[in-house]
Amino acid sequence: AVPGAAPQPPRSGSLTQVRVEAPGKVNLFLSAGVPGPDGYHPLTTVFQAVRLIETVTARRQAADLRGTITLTLAEPDPTVPTDATNLAVRAAALLAETTGVGDGVDLLLRKRVPVAGGMAGGSADAAAALVACNALWGTALTQAELSGLAAELGADVPFPLHGATAVGHGRGDRLTPLLARGTYHWVFATSAQGLSTPAVFRRFDELTPVAAAPADVPAALTAALRDGDTAALAAALHNDLQPAALDLRPQLAEVIALAESAGALRAIVSGSGPTIAALAPDPTTAAAVANALNASGLVAGALRADAPIAGARMVG
Ligand code: ATP
């Protein structure tokens, strides 16, 4: 529930359709500590929002169908559920429950973030659905209230609502904005088969012998972002989950080596993987890295995206 919110009569906006875009993310830094009693790993992470954009269109339902939440994929994908387990549907349901709105909604979802790739595509869909339904239903929750609902839906949901570049503490859901100058040119190498985030964390626990708290964000990384220094940022990229992801998927080491030999300043596992994030010095080199990855046969695809970009926002 929204903290401190007084009970309000259900409202209904006057819009018939709202379109919202939300970004995928890359983790520039990720340090994980030992799990607490709740089973969650305490994290220090730096998120950056990348121009791989999820689009959720929320449509008012015909009067005779009112009250349900439905979801349709713009392009069919058997790996994405369309039932109540879809994160966008869960987000709409949580907003409806919190505000008492019983209108229902038809959601149309267009995905551009690789599924189960460690780039929080599902979380971006949830963030987009919150913003879209909040406008469609006229519920007018504040950004802070939406952020609270986002954290209930999942640790990675507040960030796509926020966008840009930010430090995440706790489970990654407590955000502090970080100044980042300039534009960064990323290439994302995708895998045909996803990696399960819990499985990567289990392997991380097995491979990490010493109990420790998560590390702080290195000063070199914040300085690189503040100065817009791509080479210094490349040198400061770090992911504690990389050894676990490489252990579960040894071929990813070849993808990293290939991206770096094709001109990337650094390539690392993105989040819990299996997507590899390669940072290029300029757009021309990014194109060369993408071509080399596509030609190698080692990856399912290579997606170029610049960053940082804004968080979930209405575009129509
Ligand atoms: P994270 O980095 O937050 O752990 P991810 O980017 O690795 O997530 P997602 O693409 O969000 O992974 O999806 C992971 C799984 O969640 C999918 O395999 C799918 O079964 C389920 N899922 C639920 N809702 C969605 C959604 N809207 N889009 C994609 N997958 C979803």
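Residues 86-163 are 58% helix and 8% strand, and their end C-alpha atoms lie 21 Å apart. Helices here are DSSP runs of H or I with at least four residues, strands are runs of E with at least two, and both are numbered from the N terminus. UniProt, in an unreviewed entry, places the feature "domain: GHMP kinase N-terminal" at residues 86-163. UniProt positions follow the numbering used here, feature names are shortened, and annotations may be inferred rather than shown by experiment. The model is predicted: local features need pLDDT of at least 70, side-chain atom pairs count only at pLDDT 80 or more, and totals for chains, interfaces and linings use all residues. Residues are numbered from 1 along each chain as its sequence is written.

Start with two helices in this span. Two packed helices are described by the angle between their axes and the distance between the axes. Helix α1 (residues 87-99) and helix α2 (residues 121-136) have axes that come within 7 Å and cross at roughly 35°. Axes are lines fitted to C-alpha atoms, for helices over the stretch in contact, and angles run from 0 to 180 degrees between N-to-C directions. On the α1 side, the residues that meet α2 are Leu87, Ala88, Arg90, Ala91, Ala92 and Leu95. Their partners in α2 include Ala126, Ala129 and Cys133. Contact means C-beta atoms, placed from the backbone, within 7 Å.

Next comes helix α3 (residues 143-153). Its buried residues are Glu145, Leu146, Ser147, Leu149, Ala150 and Leu153. A residue is buried if 20 or more other C-beta atoms, placed from the backbone, lie within 10 Å of its own. The cover over these residues includes α1, α2 and α4 (158-162).

Now move to the sheet. Four strands form an open sheet in the order β9-β10-β7-β11, with antiparallel pairing. Strands pair if DSSP finds at least two bridges between them. β9 (266-269) and β11 (301-307) stand at the edges with a single partner strand each, so one side of each has no neighbour in the sheet. Neighbouring strands are turned by 25° against each other on average, direction ignored. β9 pairs with β10 (residues 276-280) over four bridges, in the antiparallel sense. Arg266 has Leu279 in β10 as its bridge partner. Helix α10 (residues 283-296) lies across β7 (184-190), β10 and β11, and runs at about 5° to β7.

UniProt also lists "domain: GHMP kinase C-terminal" (unreviewed entry) at residues 223-296. That stretch is 59% helix and 15% strand, with its end C-alpha atoms 35 Å apart.

Note on methods
Contact = placed C-beta atoms within 7 Å. Buried ≥ 20, exposed ≤ 12 C-beta atoms within 10 Å, placed from the backbone.
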